[in-house]
Amino acid sequence: MATIGSLPTPPRAPGRVVFLDGQNEMGMVEVSTEMSTAAIYLHGAQVTHFQKRGELPLLFMSQCSRFSEGQPIRGGVPIIFPWFGAREGLGQHGFARIHEWEIKEFAPAPDGSFSLRFCLPECPEASTLPAFTADYTVSVSDYLGLRLTITNRSDTVFNFEDCLHPYFAVGDVTAVSISGLARRTYLDQTAKFALRTEGALPIRIASEVDRIYLNTTDPVEIADPRLGRKILIEKEGSASTVVWNPWVAKSQQMPDFANDEYSRMVCVESGNVAPNEVALSPGETHTLAVRISTQTLA
Ligand code: TA6
């Protein structure tokens with residue numbers, strides 16, 4: 001893999017990797033290949049754009065998103081680590097998504113795709129945790145590949161939650177159906193984490209949905225008849241899947257999200273949450289891998 005310092009110019013590959021200032025002069029990388037384009041902010045190592053050539057963008061980005069220190073970007077794929085949800089006196093969803101990651105390597109592949117590796121530098125919030133390293137690899141191809149690798153560098157067990165939290169762009173959320181979670185049990189965050197069981201039919205969205213499906217390693221598919229596409233989310237190293245749409249009331253409570261944007265997005269997230277949290281032994285490594293691809297909806 002090439003390293004940034006060793007290449008005076010972007011690699012002579014069919015595609016291009018360009019480093020530039022994005023919104024609010026935040027550092028970002030734009031990747032273009034023959035198959036797709038992508039954009040990744042160093043802030044949170046957050047993929048904010050992915051688009052296969054000839055298709056509409058895969059990911060939703062709020063028009064009201066903040067791009068500022070200490071604030072998460074509202075859209076794309078936030079990295080949720082080392083905890084999911086609220087923690088007394090601490091930020092929602094951990095701190096990985098509000099710090100600037102370092103880009104360590106990028107490499108073109110013979111098939112014209114690119115992979116870029118980021119790492120999370122030392123940060124104050126980590127001082128109370130067992131020593132760890134966090135690496136994140138993004139593969140830009142005719143699919144979007146994401147791999148979050150956590151290594152326990154301490155001599156104690158490191159318990160953490162992780163979740164890759166993509167906001168998918170959809171034509172009309174009330175028209176999509178989500179399959180792959182039939183009969184799974186879930187924690188219903190709209191009902192004080194009540195434990196419920198999903199039915200046999202694909203999930204439809206007609207109100208706020210905020211569900212942590214447990215003990216599921218299956219792929220999930222979003223069928224979007226408005227945009228005429230299916231989004232397939234395959235995963236490894238993940239026992240939880242989260243499905244979220246804020247619907248009307250929650251949208252109005254989010255300052256970095258427009259009131260009507262709920263109809264154009266849905267989150268299907270892959271991770272290890274709540275009882276599925278990871279207990280990583282000293283010296284061990286855990287990888288959460290997600291592969292997101294699209295097909296035309298026949
Ligand atoms: O996606 C599940 C969830 O935990 C929802 O409850 C909602 O809070 C969402 O994450 C977004 O969280 P954020 O902190 O980015 O507003």
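Buried means under 20% relative accessible area, exposed means over 50%, and partly exposed lies in between, with a 1.4 Å probe and protein chains only. Keep that scale in mind at each stop.

This is a predicted model: local features need pLDDT of at least 70, side-chain atom pairs count only at pLDDT 80 or more, and totals for chains, interfaces and linings use all residues. Residues are numbered from 1 along each chain as its sequence is written, and side-chain values use heavy atoms, with hydrogens and water left out.

**Stop 1: R229 and E55**

Select R229. It is buried, at 4% relative accessible area. The term covers a side-chain nitrogen of Lys or Arg within 4 Å of a carboxyl oxygen of Asp or Glu. E55 sits in the loop between β5 (46-52) and β6 (79-80), and R229 in strand β19 (residues 229-236), so the pair ties together parts 174 residues apart in sequence. Strands here are DSSP runs of E, at least two residues; helices are runs of H or I, at least four; both are numbered from the N terminus.

**Stop 2: D256 and R74**

Select D256 and R74. Their closest N and O atoms are 3.2 Å apart, in a salt bridge. This pair links distant parts of the chain, 182 residues apart. D256 is in the loop between α1 (247-253) and β21 (265-272), while R74 is in the loop between β5 and β6. Buried or exposed, at 4% relative accessibility: which is D256? D256 counts as buried. R74 is buried too, at 16%.

**Stop 3**

Select E102 and K104. Their salt bridge spans 3.3 Å, N to O. E102 is partly exposed at 36%, and K104 is partly exposed at 33%. The whole structure holds 14 salt bridges.

**Stop 4: the ligand**

Keep R74 selected and show the ligand. Residues around the ligand, each with a heavy atom within 4 Å, include R74, F84, H165, D210, W244 and E269. Which distances separate ligand oxygen atoms from polar side-chain atoms of R74, H165 and E269? For R74 the value is 2.9 Å. H165 also gives 2.9 Å. E269 gives 2.6 Å. The protein covers 88% of the 380 Å² of accessible area that the ligand has on its own (Shrake-Rupley method, 1.4 Å probe).

Methods
A polar contact is a pair of N or O atoms within 3.5 Å; within protein, one must be able to donate a hydrogen and the other to accept it, and residues adjacent in sequence count only if both atoms are side-chain atoms.
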